[in-house]
Amino acid sequence: MGAPRLIVVKIGSSTLVDERGSLDGGFIASLCSQVSSLVSSGTKVVIVSSGAVAAGRDVLGISGRPSDMGTLQACASAGQARLTQAYADVLALSGIPCAQVLLTRRDVMDRDAFLNARTTLTRLLELGAIPVVNENDTVSTAEFAFGDNDMLGALVSALVGADLYVICSDVEGLYTSNPQEDPTATLIERVEEVDQDLTSRAGGAGTSFGTGGMSSKLRAARAMLAAGIPTVICRGRRERVLLDVVRGMPVGTRFEAPEGSPHEGGRKLWIGLAEVPRGTITLDEGASQAVLERGASILPVGVVSTMGHYVAGDVVNVRTSRGDIIGRGIARYSSEDMGKVRGIKLDVIARFLGSDRAQPAVHRDDLLVF
């Protein structure tokens, strides 16, 4: 297997900053040196970088992570300029231009905006630039936030059709248990499916410098499995880590579906990654199996409960009776109507509500299965 044509690299805040919480210029120089080597060998690179808030705290002289939204967004505003300039200065030494791209989920919820973002990123890469992508924390609201850059990196990977997504973290990868508590914990080198057992191994939130823990990385990796994009979670400060990952060396935990596995197209990835879920429907065991094993549509008879307020056309999470989220799709009923038709067969719905109302709860063409 040859070198990847295009990779997306996500750098977490805890990896970017030093022990004082300031941007680590030495690390950024090392990272950009690796990026330059990859570009010279013909691999295009997109950097998804956290660290704006941490950089802004340094600029504004604030110690500790702010707890109020106004100060957080002020730090992001002050820090974003310094963060992008830090990359630009080092990349310029290799003659590589750098471009800043700031996104919120609101920016890509509209399908046309999603495609416009792809066009911009693609054109920047064609022009030889390194896009440095971050969430636009200065205007992002809780409702439309990605929550962490792990999922933003997954979205960008799907946008540009990456061949590899690398999540550079402060840990070596995913372990069989918490290595800080269990001395027998071992690194899981390869994952082909993110199931409930694996999810239970993930910890909670991240460090004081960032928001993403291992659970957020698993969610991103699970989405990339659906997209057919291999993902590697690794320690970002390992020497020459990007070069080793690209060369296929055993680094960190690699998530990759078995060869020949089907993967989803752009529209379903947009549904699953860009849209904000407005509610949740829970399926019985038979419906869950039909979705997971046969790629079936979700019929009202298989829906056992609905949560949240949504209208027809909104995106909802799909979960099993055990609580596992197995997908995300566009509901064809409002939450009110879903409550009325759940557990009822289509012919019964047609008889009492009319044939135009007898339709799948979520059609398979509108469903991204994780």
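Residues are classed here as buried when their relative accessible area is under 20%, as exposed when it is over 50%, and as partly exposed in between, with a 1.4 Å probe and protein chains only. The structure is a predicted model, in which local features need pLDDT of at least 70 and side-chain atom pairs count only at pLDDT 80 or more, whereas totals for chains, interfaces and linings use all residues. Residues are numbered from 1 along each chain as its sequence is written, and side-chain values use heavy atoms, with hydrogens and water left out.

Helices (H or I, at least four residues) and strands (E, at least two) are taken as DSSP runs and numbered from the N terminus, and two strands are regarded as paired if DSSP finds at least two bridges between them. On this basis, 8 strands form an open sheet of mixed pairing, in the order 3-4-2-1-5-7-8-6. Strand 3 (98–103) and strand 6 (190–191) stand at the edges with a single partner strand each, so one side of each is left without a neighbour in the sheet. Strand 6 is joined to strand 8 (residues 253–255) by 2 bridges, the two strands running parallel, and Val-191 is placed opposite Phe-255 of strand 8.

Within this sheet, strand 2 (residues 44–49) is largely enclosed by the rest of the structure, because 5 of its 6 residues are buried. Strand 2 pairs in the parallel sense with strand 1 (residues 6–11) over 6 bridges, and Ser-49 in strand 2 is the bridge partner of Ile-11. Strand 2 also pairs in the parallel sense with strand 4 (residues 130–135), over 2 bridges, where Val-48 stands opposite Val-133 of strand 4. In a regular strand the side chains alternate between the two faces of the sheet.

Another open sheet, again with mixed pairing, consists of 5 strands in the order 10-9-11-12-13. Its edge strands, strand 10 (303–308) and strand 13 (367–369), each pair on one side only. On average, neighbouring strands of this sheet are turned by 20 degrees against each other, direction ignored, where axes are lines fitted to C-alpha atoms, for helices over the stretch in contact, and angles run from 0 to 180 degrees between N-to-C directions. Strand 11 (residues 315–319) and strand 12 (residues 325–330) run antiparallel and are joined by 5 bridges, with Val-318 opposite Gly-327 in strand 12. Helix 12 (residues 285–294) packs on the sheet and touches strand 9 (279–283), strand 12 and strand 13, its direction making about 105 degrees with that of strand 9; contact here means heavy atoms within 4.5 Å.

Two packed helices are described by the angle between their axes and the distance between the axes. For helix 3 (residues 52–60) and helix 4 (residues 69–92), the angle is about 95 degrees and the axes are 6 Å apart. Helix 3 is therefore roughly perpendicular to helix 4, on a scale where angles under 35 degrees count as roughly parallel, over 145 as roughly antiparallel, 65 to 115 as roughly perpendicular and the rest as oblique. The residues in contact include Ala-52, Val-53 and Leu-60 in helix 3 and Leu-72, Cys-75 and Leu-83 in helix 4. Of these, Cys-75 is buried, with a relative accessible area of 0%.

A search of the whole structure for disulfides, defined as pairs of cysteine sulfur atoms within 2.5 Å, finds 0. Cys-32 is in no disulfide, the nearest cysteine sulfur, that of Cys-98, being 7.6 Å away. Cys-32 is itself buried, at 2% relative accessibility.

Side chains of opposite charge can pair when their charged atoms come close. With a salt bridge defined as a side-chain nitrogen of Lys or Arg within 4 Å of a carboxyl oxygen of Asp or Glu, the structure holds 16 salt bridges. One of them links Arg-123 to Glu-126, with the closest N and O atoms 3.0 Å apart. These two residues are 3 residues apart in helix 6 (residues 111–126), and are therefore separated by about one helical turn. Arg-123 is partly exposed, at 45% relative accessibility, whereas Glu-126 is exposed, at 52%.

A network of salt bridges links Arg-190, Glu-192, Arg-254 and Glu-256. The side chains of Arg-254 and Glu-256 meet in a salt bridge at 2.8 Å, N to O; Arg-254 is buried at 18% relative accessibility, and Glu-256 is buried at 19%.
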